[in-house]
Amino acid sequence: MINPFLYFWIFLKASLFSSGGTGNLPSLHADLIPAHLATETQFAEALTIGQLAPGPNGLWSVSLGFLTGGWTGAILALLAVTLPPFFILAVERLYRRIESHPAVEGFVRGLSLAIIGISLVVMGKLLIGASEGIDYRSLLLVLAAIGAGAVRRIPVFVIIAVAGVIGVILYRN
Amino acid sequence: MNRPLSRGRFFLVWLMLGIQSFGGGSVVLAMIRRAAVEQYGWLTEAQFTRDWALIQVAPGINLIALTILLGRRVAGKAGVFLALAGLLLPSALITVLITLLYSHFAERPEVRAALRGILPVTVGLGLRTSWQMALPLLRESSREGRVSFLLSILLIAGCGAIAALWGRLPVVLLLCGSGLIAALYNLYRAIRTGSHPPLFPPSVKAE
């Protein structure tokens with residue numbers, strides 16, 4: 001592996017100047033590929049694993065770290081994605097000082113509403129863009145999940161596990 | 001509802017989240033929301049929605065920022081580290097293990113079939129989370145009056161429509177635009193109802 005400090009910096013920089021779980025993708029791609037530190041296949045694999053593994057999708061960086069730098073790479077990548085979000089503590093402190101101002105109140109509400117609108121669309125795109133396509137059974141599963149999510153006694157983990165079993169029964173050929 | 005939790009129990013809650021939160025970001029968010037708001041009452045629905053909005057301004061992974069905020073809210077500095085360690089150590093470890101095994105199982109038909117069943121369910125859970133985040137905002141704005149309520153609906157629908165039609169529009173722009181519109185409206189409302197001193201006091205007119 002190359003100099004661990006440089007490696008760490010590449011991951012840290014990518015996460016520091018981006019937001020969301022995969023916002024660091026363009027920067028990592030631009031730094032690692034031309035330097036032959038990672039391949040396109042490793043990127044694709046890491047992104048898929050980020051979806052499969054528990055925890056935030058952003059942990060795809062840990063998978064990429066492991067593929068390109070072994071355990072050291074994984075640990076450095078994990079540190080690099082954990083540090084930038086600490087900036088929220090400063091944001092929150094600032095917010096507390098000005099929260100009662102009507103413009104600030106309004107801004108945060110507008111922000112929340114936009115997030116909701118965008119999330120709804122992202123959910124839709126996720127469903128439509130599924131590699132295997134969707135059918136009426138997918139839509140029934142969406143509705144079933146909304147219902148099951150409302151029952152507080154069923155752990156989300158169990159809902160996902162049951163969905164996996166249903167998937168095997170319905171779609172295995 | 002606000003039962004105090006020992007540090008050990010608090011760590012355990014996050015550890016279980018870290019082990020169980022399969023299914024991608026929307027599932028993790030749904031799980032954290034359920035634990036924080038419904039199960040343990042660390043914060044209200046409205047506070048959760050507000051925290052999630054603030055987090056969009058911070059760099060990096062949103063769910064990690066959320067974990068930091070919740071950890072501090074419940075147990076101070078120690079809470080931040082307990083929550084982060086609980087959530088991330090098991091999930092990062094499992095991520096590495098899956099990376100090790102991936103090439104062996106990725107193309108198996110059972111795995112592909114299972115994932116095909118899981119995807120719509122993660123979408124359903126995500127839709128529910130969005131609805132629950134919207135609820136306190138819609139209630140609050142409907143208390144303020146019809147115009148407030150309509151504006152809220154319009155911002156959700158408008159941002160959704162723009163995001164749907166405009167493939168690679170930077171999300172930050174959309175977020176800021178919506179925030180700005182709501183900020184201006186709220187300021188206008190506050191000045192009109194007199195709950196806030198006007199920015200530009202009207203010059204005193206002769207009677």
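I counted eight helices and zero strands in chain A, taking helices (H or I, at least four residues) and strands (E, at least two) as DSSP runs numbered from the N terminus. The model is predicted, and local features need pLDDT of at least 70, side-chain atom pairs count only at pLDDT 80 or more, and totals for chains, interfaces and linings use all residues. Residues are numbered from 1 along each chain as its sequence is written, with chains lettered from A and ligands numbered from 1 in the order in which they are written.

**Chain A overall**

I read the order of elements from the N terminus as α-α-α-α-α-α-α-α. The radius of gyration of chain A is 20 Å, well over the 16 Å that the globule rule gives for 173 residues, so chain A is more spread out than a compact globule. That radius is taken over C-alpha atoms, and the rule is 2.2 Å times the number of residues to the power 0.38. I noted a C-alpha trace spanning about 55 × 50 × 30 Å along the principal axes of chain A. Of its 173 residues, 43% count as buried (20 or more other C-beta atoms within 10 Å of the residue's own; exposed is 12 or fewer, partly exposed in between; C-beta atoms are placed from the backbone).

**Contact of chains A and B**

I found 81 residues from chain A and 87 residues from chain B in the contact, where two residues touch if their C-beta atoms, placed from the backbone, lie within 7 Å. On the side of chain A, helix 6 gives the largest share, 22 residues. I sorted the residues of that side into 54 nonpolar, 20 polar and seven charged; Ala, Val, Leu, Ile, Met, Phe, Trp, Tyr, Cys and Pro count as nonpolar, Asp, Glu, Lys and Arg as charged, and the others, Gly among them, as polar.

**Helices 1 and 4 of chain B**

I looked up helix 1 (residues 7–20) and helix 4 (residues 62–105) of chain B, which pack at an angle of about 30° with axes 7 Å apart. The two helices are therefore roughly parallel, the term for angles under 35 degrees. Their contact includes F10(B), F11(B) and W14(B) of helix 1 and A78(B), G79(B) and G86(B) of helix 4. Its residues divide into 15 nonpolar, four polar and one charged.

**L165(B)**

I placed L165(B) in helix 6 (residues 146–165) of chain B. L165(B) is exposed, with 9 other C-beta atoms within 10 Å. From G86(B) it stands 79 residues apart in sequence and 39 Å apart in space, C-alpha to C-alpha.

Terms used
Axes fitted to C-alpha atoms, helices over the stretch in contact; angles between N-to-C directions. Parallel < 35°, antiparallel > 145°, perpendicular 65-115°, else oblique.
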